[in-house]
Amino acid sequence: MSDQILHIESVEKRYPDGRGGQQTVLDNVSLRVEPGEFVTVIGASGCGKSTLLRLVAGLEHAQGGVIRLGDRVVDQPGADRGMVFQHYTLFPWLTVKQNVMFSLELGANMRAIETESELSGLVDRAYALIEMMGLEDRRDHYPNQLSGGMQQRVAIARALLSRPRVLLMDEPFGALDAQTREVMHDLILQLFAVEPTTVMFVTHDVEEAAYLGDRVVVLAPHPGRIDGIHHMAWGREREPALKLDPEFTKVKGQLTERIRETSGMEADHKLIERMTALGRRMQGNAAR
Ligand SMILES: Nc1ncnc2c1ncn2[C@@H]1O[C@H](COP(=O)(O)OP(=O)(O)OP(=O)(O)O)[C@@H](O)[C@H]1O
């Protein structure tokens, strides 16, 4: 299993700042993700969450440090890493079945799939994943005939087809309504119970991060760096009632507070609190 450990070691990433200089977006970021672990990443807007995920996907290159998956250095995209993005990335002209199997066609064209039996095994797997995602009666539907949640279920099935060692999810439920998100949370928890997969999951939603993650990584911005890594005390079997548990609520509050403190928006929040208190006092005076 050690060949599946994801090591992010002292990673540094800079981008042009648009004024002829460079801005450091990630500074000395190190993280080790164990096989089968579900790690969620949160932090203020612009702290480098997506950049970190893109580096692990091999879509970007770091100026410093190294990322390893097992004993291989990550320097380009590969089938050992699946990716699911926020915005639906399905091909509108392909059905559910064809979308899930798209990478098969690609693989076959590139002669990566060598035998008939390997191909038929993958086709069986595609059907099994579609079923696991509750889409067996939608196999021949096109994306525009599906809800947003269903489209993301197809995207997850497609990303899992080649059994990636790591699944990278960038705000996958960010565009869904609250109710659909809740359903998706429990669906992917069940999915990964059946099919253990290492996951790195970026989100803005602290509740989502705490509910799904074995560990929650808080990134601080300017430059993006690890503020803290928090182990979630609850076991893997999670039910919606957990979201109402006082301990869960407390942890959620602490994580929110960390984001707030590191975001540099503390002054703004204090101002809002002062104005709210002032408003209440004025209302009280007017009522007397
Ligand atoms: N290709 C790029 N060129 C220049 N700057 C970039 C590029 N991609 C990202 N950045 C900058 O890097 C910083 C981090 O961006 P990133 O998208 O990783 O943050 P994030 O934490 O995912 O943000 P959000 O939560 O708002 O999605 C931002 O300041 C962004 O403007």
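Predicted model: local features only at pLDDT ≥ 70, side-chain atom pairs only at ≥ 80, totals over all residues.

User: How many helices and strands are in the protein chain?

Analyst: Helices (H or I, at least four residues) and strands (E, at least two) are DSSP runs, numbered from the N terminus. The protein chain has 9 helices and 10 strands, and its C-alpha trace spans about 80 × 45 × 40 Å along the principal axes.

User: Is strand β8 buried or exposed?

Analyst: A residue is buried if 20 or more other C-beta atoms lie within 10 Å of its own, exposed if 12 or fewer, and partly exposed in between, with C-beta atoms placed from the backbone. Of the 288 residues of the protein chain, 31% count as buried. In strand β8 (residues 198–202), 5 of the 5 residues are buried, so the strand is largely enclosed by the rest of the structure.

User: Which residues of β8 point one way and which the other?

Analyst: In a regular strand, side chains alternate between the two faces of the sheet. Here T198, M200 and V202 point one way from β8, while V199 and F201 point the other way. In β7, V166, L168 and D170 lie on one side and L167 and M169 on the other, and all are buried.

User: Which strands pair with β8?

Analyst: Two strands pair if DSSP finds at least two bridges between them. Strand β3 (residues 38–43) runs parallel to β8 and is joined to it by 4 bridges, with V41 having V202 as its bridge partner. Strand β7 (residues 166–170) is also parallel to β8, over 5 bridges, and V166 stands opposite T198. Strand β6 (residues 81–84) pairs with β7 in the parallel sense over 4 bridges, where G82 stands opposite L167.

User: What do β7, helix α6 and β8 make?

Analyst: A crossover is right-handed if, with the strands pointing away from the viewer, the path from the first strand over the helix to the second runs clockwise. Accordingly, β7, helix α6 (residues 178–194) and β8 make a right-handed β-α-β unit.

User: Which residues of the largest nonpolar core touch the most other members?

Analyst: A nonpolar core is a set of buried Ala, Val, Leu, Ile, Met, Phe, Trp, Tyr and Cys residues joined through C-beta atoms within 7 Å. Of the 61 residues in the largest core, V41, V56, V100, A157, L168 and M200 touch the most other members. Helix α5 (residues 148–160) contributes the largest share of this core, 7 residues.

User: Which residues surround the ligand?

Analyst: A residue is near a molecule if its C-beta atom, placed from the backbone, lies within 6 Å of it. The ligand is surrounded by Y15, P16, V25, G43, S45, G46, C47, G48, K49, S50, T51 and H204. Helix α1 (49–57) gives the most to this shell, with 3 residues.

Key:
Residues numbered from 1 in each chain as written.
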